[in-house]
Amino acid sequence: MLGGDSTARKKPWPDPVLEACRRLGVAPADAWMLGDSPGDLHAALDAGLPGRVGATWGYRDRPLLEDAPHTALVDRFDAFLGLLGD
């Protein structure tokens, strides 16, 4: 688990995303992020994640997510899982 004080800089900087990848042993190029704010999606983009998915049921409204650098928007968690495939 990473909190707001886990890295020197918080989202929208990519530092927390990169630290999560490092701790999980996953290359950023192989990671996806499900976020509920534009800051989440910007952090994922700047970290080099190819999958940046906006969760429309979260912290911010859908129009704000639509303007953020996303690869998809989902209205339900199972829709996110469907993007990941097998």
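Q: In which helix do Phe77 and Phe80 both lie?
A: Welcome to this predicted model, in which local features need pLDDT of at least 70, side-chain atom pairs count only at pLDDT 80 or more, and totals for chains, interfaces and linings use all residues. Residues are numbered from 1 along each chain as its sequence is written, and side-chain values use heavy atoms, with hydrogens and water left out. Helices (H or I, at least four residues) and strands (E, at least two) are DSSP runs, numbered from the N terminus. Phe77 and Phe80 sit three residues apart, about one turn of the helix, and both belong to helix H4 (residues 77-84).

Q: Is Phe80 buried or exposed?
A: Buried means under 20% relative accessible area, exposed over 50%, and partly exposed in between (1.4 Å probe, protein chains only). Phe77 counts as partly exposed because its relative accessibility is 45%. Phe80 has 8% relative accessibility, so Phe80 counts as buried.

Q: What angle lies between the planes of Phe77 and Phe80?
A: Rings of Phe, Tyr and Trp (its six-membered ring) pair if their centres lie within 6.5 Å; planes under 30 degrees apart count as stacked, over 60 as edge-to-face and the rest as tilted. By this rule the count comes to one aromatic pair. That pair is Phe77 and Phe80, which are 5.9 Å centre to centre and tilted, with the planes at 45 degrees.

Q: Which residue lies over the face of Trp13?
A: A charge sits over a ring if NZ of Lys or CZ of Arg is within 6 Å of the ring centre and within 35 degrees of the ring normal. At 3.9 Å from the ring centre of Trp13, the residue over its face is Arg9.

Q: Which residue does a cis peptide bond join to Lys11?
A: The bond has an omega of about 25 degrees.

Q: Which elements do the buried residues of H1 pack against?
A: The buried residues of H1 are Asp15, Pro16, Val17, Glu19 and Cys21. Here contact means heavy atoms within 4.5 Å. These buried residues pack against S1 and helix H2 (38-47).

Q: Which residue follows H1?
A: The residue that follows H1 has a positive phi, near 70 degrees. That residue is Gly25.
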